[in-house]
Amino acid sequence: MKLINKISLWFLCIILVITPVTMAISHAGIKRKMIEFEVRRLLSVNDRVASLLQEGRPVDDFIRDREIEIATVRGPVPATNPQVIKRPGKVEGMREQELALFVASYYPLNGIVYKVTSHNYFINPNEFFSSMFITLLWKMLLVSIAVLISARILSRILFRPFKNTMEAIRHFNIRQKQTLQLKRSSTREFNELNCFIETMTNKAMEEYATAREFSENASHELQTPLAVLRTKTELLTQTSLDSQQAGLIEHMQTEISKLSNITKSLVLLARLENQEFNTREKIKFCRIAKNVIETYAYWADLKNITVTHNTGSQIFISIHPVLADILVANLMRNAIRYNEENGLIHVELTADYFRISNTGAPVTIPHKDLFRRFKKGSQKNEGVGLGLAIVKQICEVCNFRVSYAYVEHRHIFCVYFNESYLSELDMIPSNSSFQRVVFAEA
Amino acid sequence: MKILIVEDNSALSASVRDYLEAEHFICTCAFGVDDAREKLSLFTYDFVLLDMMLPDGDGLELLRFIKTEKIIANILIISARDALDDKIKGLEGGADDYITKPFHLPELHARLRAMYRRNSLQGSHIITANEIELNTNTIEARVHAVLLDITPKEFDLLLYFIVNKDRVLSRQAIATHLWGDYTDNLANFDFIYQHIKNLRKKIAAAGGNDYIETVYGLGYRFKL
């Protein structure tokens, strides 16, 4: 629920409770005032009659048009003087019952106690309660509408800085070197929030840069000890060794290579994240792809894998040439590694996509994990599990999309060079067995 | 041939020296920029092996010094960075070649020899090993003066063997030499066997001796 809606709702609840209460209070007040006023008026009429009686002047003139009764009472003046009696009464010709108010005053005059009773009919206050109730409903309706509308308008104005901040955060990328700059607003709370967010993102970026720098430096620093290890084992192989020692050395050499590959891959990933490569230049992608495919065709051939390719010519793509090479090489290597004996690899290159499909057993891990670092499609102890992570990172840097699917016993990796092509492709309803994972740019 | 090894890591420097001295290089080690600058001013070297990251400065600084002082030497850069900007910077700065850590010693040696052949007037383009003769200009291999029908990769392999003769070459070192970074992350180097088998067959067909011997568990050796 939106914050403004919550506030409006609270506000409406308060109005719904308070307004009827105030109506009841005002109704009671009006009713009391009306009766008080009427009682006072009748009393003054009674007093006037009493004064006329006292002066011995005739009262007939005065009481002619008024409903006044004059009577003499035996005995003393009652304790309650004047007496007020209210009772609903029916007046001839009127449909609604009216309220009849009798005010009886006792005056001891010249030894005789006169009881002067005047009465009047007036509208029963309960009658106008209904009209007050309708007014109440109108009032509540209008207030509610006003609250809802003004809330909409106000939220747009008041929450604009907040929305701007949210938008800025949405577009913030820790990998880009741009710091987050938020507009100042006239609302103190939002300014505080903006300051807080700016400090936080700057700190996060600093930390990220440190971590990245560290991983890059660490990887570089590792290369020298690795070089020492490798050269020492090589010098060792020049000495006379028995087969057991030779076997041990070979294992060491394999692991040194693996270590070196991991560090090299991590450096590459770090540099990709650092946006250190110029990907603006258009290069002839088809030529690089062909070169790489031919190189790998040799190894594929050793595994009796048939490589076919359908690569267009004159395909220019905006990518750094080395990244193009790594991208194609990693996918080719993958296609060979996770292939089977006498398998197939088919490579297709158009101006819109680069697709490589190969036969092979399905992967055991979820498809979306394939592109994660150190995740391997099978536990066959080959490779270090960074090849596809690099592919994904290259695609992110170059604004490509990469997808994976396993269809009809084939692994299909596809790199889309332009987004419009991909969105067109999404329009086509795909086969339900066609499990495709598309990785968007970060 | 004289070589100046500019590398701050003494263990690595010692490895290189050990290997190259056995190949009849005369090695001098320098462990920093100042040290190297002094030695370069005083002596002449055929080769300078230059590490990019030195404790008291940058390898590129030394490269500029070599160029401004017009010191004639083949310069091979060693760097922990494998990506391009350093490579381009280094080569534009006047280096002849570039090798990344961790390198294979036979590879380093082969690069030095290749540089020498390319750049030196005394460098011959003909390399011989008994009846085998390689011409690095035309990429032709002859056995008993009979032209071999070999692929460029096989030529490269044969050259690598002959340059590093009597040395054990691991399959990894061979793979890296022939295919460079493409062999990264390849755990299986069995294809080298196939490659060598083909080469042996071709040499044998031309009446050459089989000099390539398998060293169990380690790789191959070209034994004259």
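**Reading the model**

Residues are numbered from 1 along each chain as its sequence is written, while chains are lettered from A and ligands numbered from 1 in the order in which they are written. Because this is a predicted model, local features need pLDDT of at least 70 and side-chain atom pairs count only at pLDDT 80 or more, whereas totals for chains, interfaces and linings use all residues.

**The two chains**

Let us start with the overall picture. Helices (H or I, at least four residues) and strands (E, at least two) are DSSP runs, numbered from the N terminus. A residue is called buried if 20 or more other C-beta atoms lie within 10 Å of its own, exposed if 12 or fewer, and partly exposed in between, with C-beta atoms placed from the backbone. Two residues are in contact if their C-beta atoms, placed from the backbone, lie within 7 Å. With those terms in hand, here are the chains.

| Chain | Secondary structure | Residues | Buried |
|---|---|---|---|
| Chain A | 10 helices, 12 strands | 442 residues | 27% |
| Chain B | eight helices, 14 strands | 224 residues | 43% |

In chain A, 67% of the contacts with a separation of 6 or more are between residues 24 or more positions apart. For chain B, 57% of the contacts between residues at least 6 apart in sequence join residues at least 24 apart.

A word on confidence: pLDDT is the predictor's confidence in each residue, from 0 to 100. Chain A averages a pLDDT of 83, and 92% of its residues score at least 70. Residues 431-435 of chain A have a pLDDT below 50, and this stretch has five contacts in the model beyond near neighbours in sequence. Where pLDDT is low, the predicted coordinates should not be read in detail.

**Where the chains meet**

In the interface, 31 residues of chain B are in contact with 35 residues of chain A. On the side of chain B that touches chain A, at least two residues each come from helix 1 (10-22), strand 12 (168-170), helix 7 (171-179) and helix 8 (191-205) of chain B. Helix 1 of chain B gives the largest share, six residues. By class, this side of chain B has 17 nonpolar, eight polar and six charged residues. Here Ala, Val, Leu, Ile, Met, Phe, Trp, Tyr, Cys and Pro count as nonpolar, Asp, Glu, Lys and Arg as charged, and the others, Gly among them, as polar.

Helix 1 of chain B also packs against a helix of the partner chain. Its axis and that of helix 5 of chain A come within 9 Å and cross at roughly 30°. Axes are lines fitted to C-alpha atoms, for helices over the stretch in contact, and angles run from 0 to 180 degrees between N-to-C directions. That makes helix 5 of chain A roughly parallel to helix 1 of chain B, since angles under 35 degrees count as roughly parallel, over 145 as roughly antiparallel, 65 to 115 as roughly perpendicular and the rest as oblique. The crossing of these two helices is left-handed, meaning that the near helix is turned anticlockwise from the far one by less than a right angle (clockwise would be right-handed). Helix 5 of chain A brings Thr224(A), Ala227(A), Val228(A), Thr231(A), Lys232(A) and Leu235(A) to the contact, and helix 1 of chain B brings Ala11(B), Leu12(B), Ser15(B), Val16(B), Asp18(B) and Tyr19(B). These residues divide into seven nonpolar, three polar and two charged.

**A helix pair within chain A**

Helix 8 (residues 321-337) and helix 9 of chain A have axes that come within 9 Å and cross at roughly 145°. This crossing, too, is left-handed. Among the residues in contact are Leu323(A) and Ile326(A) of helix 8 and Ile390(A) and Val391(A) of helix 9. The contact has nine nonpolar, three polar and one charged residues.

**Residues to look at**

Asn399(A) has a positive phi of about 65° although it is not a glycine. Asn399(A) sits in the loop between helix 9 (387-398) and strand 10 (401-407) of chain A, and counts as partly exposed because it has 14 C-beta neighbours inside 10 Å.

His144(B) likewise has a positive phi, about 50°, without being a glycine. The loop between strand 10 (140-143) and strand 11 (146-147) of chain B holds His144(B), which is exposed, with 11 other C-beta atoms within 10 Å.

Finally, a cis peptide bond joins Lys101(B) and Pro102(B), with omega about -10°. Pro102(B) lies in the loop between strand 7 (97-100) and helix 5 (105-119) of chain B.
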